[in-house]
Amino acid sequence: MPSLVELKGIRKSFSGVTVLKGVDFSLNSGEVHALVGGNGAGKSTLMKILMGVYSCDEGEIIIQGSSHKLKNSLEARRAGVGMVFQEFSLIPTLTVAQNLFLTNEFTKKFGVISEKQAQRKTLEIFESMGVEIDPKAAVGGLSTALQQLTEIAKALAQNAKILILDEPTSSLASDEAQALFGLIRRLQDQGLGIIYISHRMDEIFTIAQRVTVIRNGQKVMDSQTSLLRSLDVIEAIVGHKM
């Protein structure tokens, strides 16, 4: 599978405290790669470097074959990286379509915003996701599951090829989580690469083809999930035999 992302030797320190110690990470097209580790292990810092929120002290970021120095999240989005955080970034009083194309609105003559064009494009994106939604609905009135799908659609509207999902099922019911897994599989079929951050072993072995474990700022495991047991991953996270 073509490589979408390669992070090589990523190092990062904050106020003299080293958080990442030369971490390598890769993601292929059409792959779900789970990223796991205990609290403070460094996984969120690594993803924020890929998202342009932080800059690395050392290392190289290669996205779709090109080396990047990501100075901010706008540059990351332009390179094809999208991230859905646990805390949503949607504006509740705006519609679904308005949230998807906020700061990137469709315009007509004299700069007049075209709501209808945004709504049409919104329907196209959700249709490709296999989801029915009213593009004119206020986001604040949507369920948590639909708000999350709107966040994912927002990333796709910005032409994301790499999607980072941070604990995506933490506030979803069981049936909503299963619907999310179905969407992830459809996005895989379209060639997207998905980085899946989770503490839930059952989800990792359900949805991911590969798992990387970070402990104390270092990569301690990178393996196909088909070759592992959940106990193997847990032992890599905690650093000793259970």
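How many bridges join strand E1 (residues 3-14) to strand E4 (residues 58-63), and in which sense do the two strands run? The answer is five bridges, with E1 and E4 running antiparallel. The points below place this pair in the rest of the fold.

1. Basis of the note. This is a predicted model, in which local features need pLDDT of at least 70 and side-chain atom pairs count only at pLDDT 80 or more, while totals for chains, interfaces and linings use all residues. Residues are numbered from 1 along each chain as its sequence is written, and side-chain values use heavy atoms, with hydrogens and water left out.

2. Overall make-up. The protein has eight helices and ten strands. Helices (H or I, at least four residues) and strands (E, at least two) are DSSP runs, numbered from the N terminus. The C-alpha atoms fill a box of roughly 60 × 40 × 35 Å, taken along the principal axes. With 242 residues, a compact globule would have a radius of gyration near 18 Å, and the protein agrees with this because its value is 18 Å. The radius is taken over C-alpha atoms, and the globule rule is 2.2 Å times the number of residues to the power 0.38.

3. The four-stranded sheet. E1 and E4 belong to an open sheet with the order E2-E1-E4-E5 and antiparallel pairing. Two strands pair if DSSP finds at least two bridges between them. E2 and E5 are the edge strands, each pairing on one side only. Neighbouring strands of this sheet are turned by 25 degrees against each other on average, direction ignored. Axes here are lines fitted to C-alpha atoms, for helices over the stretch in contact, and angles run from 0 to 180 degrees between N-to-C directions.

4. Pairs within that sheet. Ser67 of E5 is the bridge partner of Ile62.

5. Two hairpins. E1 and E2 form a hairpin with two residues between them, and Ser15 in the turn has a positive phi of about 50 degrees. The hairpin of E4 and E5 has two residues between the strands, and Gln64 takes a positive phi near 50 degrees.

6. A helix on the four-stranded sheet. Helix H1 (residues 43-50) lies across E1, E2 and E4, running at about 120 degrees to E1. Contact means heavy atoms within 4.5 Å.

7. The six-stranded sheet. Another open sheet has six strands in the order E6-E7-E8-E3-E9-E10, with mixed pairing. Its edge strands, each pairing on one side only, are E6 (81-84) and E10 (218-224). The twist averages 20 degrees from one strand to the next. Within this sheet, strand E3 (residues 32-36) and strand E9 (residues 210-215) run parallel and are joined by four bridges. His33 has Arg210 of E9 as its bridge partner. Helix H8 (residues 230-238) lies across E3, E9 and E10, at about 25 degrees to E9.

8. H5 with H6. Helix H5 (residues 144-157) and helix H6 (residues 174-189) pack at an angle of about 15 degrees, their axes 11 Å apart. That makes H5 roughly parallel to H6. Angles under 35 degrees count as roughly parallel, over 145 as roughly antiparallel, 65 to 115 as roughly perpendicular and the rest as oblique. The contact brings Ala145, Gln148, Leu149, Ile152 and Leu156 of H5 to Glu176, Leu180, Leu183 and Leu187 of H6. These residues divide into seven nonpolar, one polar and one charged. Ala, Val, Leu, Ile, Met, Phe, Trp, Tyr, Cys and Pro count as nonpolar, Asp, Glu, Lys and Arg as charged, and the others, Gly among them, as polar.

9. H4 with H5. Helix H4 (residues 115-129) packs on H5 at an angle of about 110 degrees, with the axes 10 Å apart. That makes H4 roughly perpendicular to H5. The contact is made by Ile125, Phe126 and Met129 of H4 and Leu149, Thr150, Ile152, Ala153, Leu156 and Ala157 of H5. It divides into eight nonpolar residues, one polar and no charged.
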